[in-house]
Amino acid sequence: MRIISIHDKSRIESIVRQKPYLHLYELGDLNDTFFPHTVWYGLEDDDGNLLEIMLVFILPDEASIQALTTNSTENMRLLLQRGNALLPAKLRIQISQGLVDVLDYDIQENRGHFYKMALRDIQAIETAHVTRATRLSMADKDAIETLYQESYPEAWVNMQMVEDKRYFGIWDDNKLVSIAGLHVYAPDYQAAALGAVTTHPDYRGQHLATDCIAGLCQALLAEGVSIIGLNVYQDNVAAIKLYQKLGFEIAHQYEDYSLIARVP
């Protein structure tokens with residue numbers, strides 16, 4: 001077996017399609033907007049078969065790594081061992097459980113254990129009578145920022161998705177009180193990942209987030225997006241129950257860390 005650098009999108013897609021809900025973010029990074037910022041490594045057997053992949057997304061302050069096992073934990077372990085020297089000194093990594101110790105890095109921050117959830121049953125979404133949730137735009141930027149500051153300050157908000165009107169929200173008079181948006185939108189691959197879902201603390205218990213998510217998912221389904229998923233903390237029981245009521249199921253799990261290379 002050998003480690004290789006991969007530049008062929010179709011070859012990458014062939015393996016991420018095997019478990020698309022696990023690799024939703026990788027599907028999104030195949031888009032032309034993001035692909036130039038990526039480096040892809042793979043483990044290839046002697047017959048030229050691609051066994052596992054690892055994505056390095058280059059950011060200004062650190063690299064973001066996706067090292068999620070498609071088929072074999074041992075093959076992913078081997079890919080990480082052989083690819084360790086190719087990784088930058090500082091990185092954030094989403095990695096399959098039990099594999100972070102393979103890397104010659106120290107943990108700066110354990111960002112948590114997560115589930116990847118997949119929208120398997122669309123009946124609840126399709127039959128939801130969404131009247132309160134409306135599309136947001138950059139005209140609502142100040143209200144969006146205020147809501148996140150007050151209820152979810154650590155959220156990652158993809159402003160490009162706001163500009164593209166792929167966030168849905170609910171208003172109380174002129175106050176934005178609930179929101180759901182996208183981290184990934186890849187129509188060429190029929191894939192989207194929800195994120196940054198929150199409701200203002202004073203308005204919780206009114207099923208507002210449910211309406212925002214349902215409205216957003218209805219719009220995605222109408223556009224032909226068939227692979228809809230999200231990431232959620234494993235200990236966020238309330239959110240998991242909400243997603244399950246809307247037809248999402250737990251599909252995979254992973255761990256999230258900030259790492260720094262060990263000094264010899």
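Is asparagine 31 buried or exposed? In this predicted model, asparagine 31 counts as buried because its relative accessibility is 13%, and buried here means under 20%.

## The surroundings of asparagine 31

Asparagine 31 is found in the loop that runs between helix H2 (24-29) and E2. A polar atom of its side chain lies 3.3 Å from the backbone oxygen of tyrosine 185. When neighbours within four places in sequence are left aside, the residues in contact with asparagine 31 are Lys9, Tyr185, Ala186, Asp188 and Tyr189.

## The sheet as a whole

Twelve strands make up an open sheet of mixed pairing, and their order is E1-E2-E3-E4-E5-E12-E6-E11-E10-E9-E8-E7. Its edges are formed by strand E1 (2-6) and strand E7 (134-135), each of which pairs on one side only.

## Strand E3 and its partners

Strand E3 (50-58) is largely enclosed by the rest of the structure, because eight of its nine residues are buried. With E2, strand E3 pairs in the antiparallel sense over seven bridges, and one of the residue pairs brought together in this way is glycine 42 with its bridge partner in E3, isoleucine 53. The hairpin of E2 and E3 has five residues between the strands, and in this hairpin glycine 48 takes a positive phi near 85°.

The pairing of E3 with strand E4 (residues 63-67) is likewise antiparallel, here over four bridges, and valine 56 stands opposite isoleucine 65 in E4. The hairpin that joins E3 to E4 passes through four residues. Helix H1 (residues 9-16) lies across E1, strand E2 (38-44) and strand E3, and runs at about 115° to E3.

## Strands E10 and E11, and helix H5

Strand E10 (residues 191-199) and strand E11 (residues 227-233) pair over four bridges in the parallel sense, with leucine 194 standing opposite leucine 230 in E11. Helix H5 (residues 141-151) packs on the sheet, where it touches strand E8 (168-172), strand E9 (175-186) and E10, and its direction makes about 100° with that of E9.

Within H5, the buried residues are Ala143, Ile144, Leu147, Tyr148 and Ser151. Seen down the axis of H5, these residues fall within an arc of 130°, so they line one face of the helix. The face of H5 turned away from this buried side carries Asp142 and Gln149, which are exposed. The cover over the buried residues of H5 includes helix H6 (159-163) as well as E8, E9 and E10.

## Nonpolar cores

The largest nonpolar core has 44 residues, and those with the most contacts inside it are Tyr167, Leu194, Leu220 and Phe248. Helix H7 (residues 208-222) supplies the largest share of this core, namely eight residues. Another core lies apart from it and has 23 residues, among them Met76, Leu87, Leu91 and Leu103.

Leucine 220, one of the residues with the most contacts inside the largest core, touches Leu182, Tyr185, Ala192, Leu194, Val225 and Ile228 when residues up to four places away in sequence are not counted.

Terms used: Residues numbered from 1 in each chain as written. Predicted model: local features only at pLDDT ≥ 70, side-chain atom pairs only at ≥ 80, totals over all residues. Heavy atoms only, no water. Pairing = 2+ DSSP bridges. Helix = DSSP H or I, 4+ residues; strand = E, 2+ residues; numbered from the N terminus. Contact = heavy atoms within 4.5 Å. Axes fitted to C-alpha atoms, helices over the stretch in contact; angles between N-to-C directions. Buried < 20%, exposed > 50% of the residue type's maximum accessible area, 1.4 Å probe, protein only. Polar contact = N/O pair within 3.5 Å; in protein donor to acceptor, adjacent residues only side chain to side chain. Arc of directions from axis to C-beta. Core = buried A, V, L, I, M, F, W, Y, C linked by side-chain atoms within 4.5 Å.
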